Amino acid sequence: MADKEPIVSHVFTADPSAHVFNGKLYIYPSHDRETDIMNNDNGDQYDMNDYHVFSMEEVGGPVTDHGIALKQEDVPWVSKQLWAPDAATKNGKYYLFFPARDKEGIFRVGVAVSDAPEGPFKPEPEPIKGSFSIDPATFVDHDGQAYLYFGGIWGGQLQCWATGEFVKENYSVMEAQEGPALSAKVAKLSEDMTSLTSEVQDVVILDEEGNKLLATDHDRRFFEAAWLHKYNGKYYFSYSTGDTHFLCYATSDSPLGPFTYGGRILEPVVGWTTHHSIAEFKGKWYLFYHDSSLSNGVNHLRCVKIREIVYDAEGKIKLAEAQPKI
């Protein structure tokens, strides 16, 4: 079973995106750092400025820190806050997708390219045109089509884009106050993975009756931390509920949705944020997540952990440790 100790303790890590490349498990997390910035709902205390890449041959085995793969000063358009990244491979290249604030303080999604999964990554000089908000997640389907998912409310600024244009005055609104909840976004990626080739559309999450989840349903509505994986022909869209601190998922027959709410994956952890990824490695499925236990509960100083998950006969996700021993 996966170790519930942090995978590393020499640096603070968060928002882990896990992928298997060349038979090895790679983890692309945020790199938390200590700061004097006070906690606030905009997330200013999350003042990360570079990315490390980690790898392991076995879950629970030794972890290699490959060092800095990309740093803020190397990205011309960025002003601050390199938040939760993701990675993908296609056509022999490796791509690191990352959100950051541009020079006007607006979150965008950038991409950097490498010949190796551990980097270093060379950033494109401009953010991906048409991208906005935070928490990019990529998914390359079996037919080779790649998708980019992104978005986050509150400090992630998704509420500022409700009209399709950035409205700064909506920053303080935080999220929709009534009606359907704001949705994560998705678009198709180009063959070279550096641009969008379709319109950005909503990742719609429906309840069991086929109705859109409501903005007042804080236990189930999308907040941030989009992730997409595929199991037994079904697409699983998982995410954080933010201020209620759950990791939840919804399923669909299409990577574009709509998705039907499926349940919770993880209850609240130590610390405010919860953010994850899901990947299969050597025949087992794992949840990669973080908490703030390494810093004794400091919200912006987190550590990545791993737990095994299983699927029941209906395809519902459960923690392996919660299942009865046979």
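Predicted model: local features only at pLDDT ≥ 70, side-chain atom pairs only at ≥ 80, totals over all residues.

Visitor: In which loop is Pro258 found?

Guide: Residues are numbered from 1 along each chain as its sequence is written, and side-chain values use heavy atoms, with hydrogens and water left out. Strands here are DSSP runs of E, at least two residues long, numbered from the N terminus (helices are H or I runs of at least four). Pro258 is found in the loop between β17 (247-252) and β18 (259-266).

Visitor: What is omega for the peptide bond that joins Gly257 and Pro258?

Guide: Most peptide bonds are trans. The bond joining Gly257 and Pro258 is cis. A cis bond also runs from Gly119 to Pro120, with omega near 5 degrees, and Pro120 has its place in the loop between β8 (107-114) and β9 (122-123). For Gly257 and Pro258, omega is about 0 degrees.

Visitor: Is Asn232 buried or exposed?

Guide: Asn232 lies in the loop between β15 and β16 (234-240), and has a positive phi of about 50 degrees although it is not a glycine. Buried means under 20% relative accessible area, exposed over 50%, and partly exposed in between, with a 1.4 Å probe and protein chains only. Because its relative accessible area is 67%, Asn232 is exposed.

Visitor: And what is phi of Asn91?

Guide: Asn91 sits in the loop between β6 and β7 (93-102). At 58% relative accessibility, Asn91 counts as exposed. Its phi is positive in a residue other than glycine, with a value near 55 degrees.

Visitor: Which residues lie nearest the centre of the largest pocket?

Guide: A pocket is an open set of points on a 1 Å grid over the protein atoms alone, with protein on both sides within 12 Å along at least five of seven lines; a cavity is a set where a 1.4 Å probe fits but cannot get out, and lining residues have an atom within 4 Å of a point. The largest pocket has a volume of about 490 Å³, a volume being the space filled by probe spheres set on grid points joined across faces, edges and corners. Its lining divides into 12 nonpolar, five polar and three charged residues (Ala, Val, Leu, Ile, Met, Phe, Trp, Tyr, Cys and Pro count as nonpolar, Asp, Glu, Lys and Arg as charged, and the others, Gly among them, as polar). Of the 20 lining residues, those nearest the centre are His19, Phe139, Val140, Leu228 and His229.

Visitor: How many residues line the second largest pocket?

Guide: This pocket has a volume of about 340 Å³. By class, its lining has nine nonpolar, 11 polar and five charged residues. Gly43, Tyr46, Glu224, Trp272 and Thr273 lie nearest its centre, and the lining residues number 25.

Visitor: What is the volume of the largest cavity?

Guide: The structure holds two cavities of 30 Å³ or more. The largest is lined by residues including Ser17, Asp135, Trp227 and His275, and that lining divides into six nonpolar, two polar and one charged. Its volume is about 40 Å³.

Visitor: How far apart in space are Gln157 and Ser133?

Guide: Gln157 is found in the loop between β11 and β12 (184-189), and is buried, with a relative accessible area of 1%. Gln157 and Ser133 are 24 residues apart in sequence, while their C-alpha to C-alpha distance is 5.6 Å.
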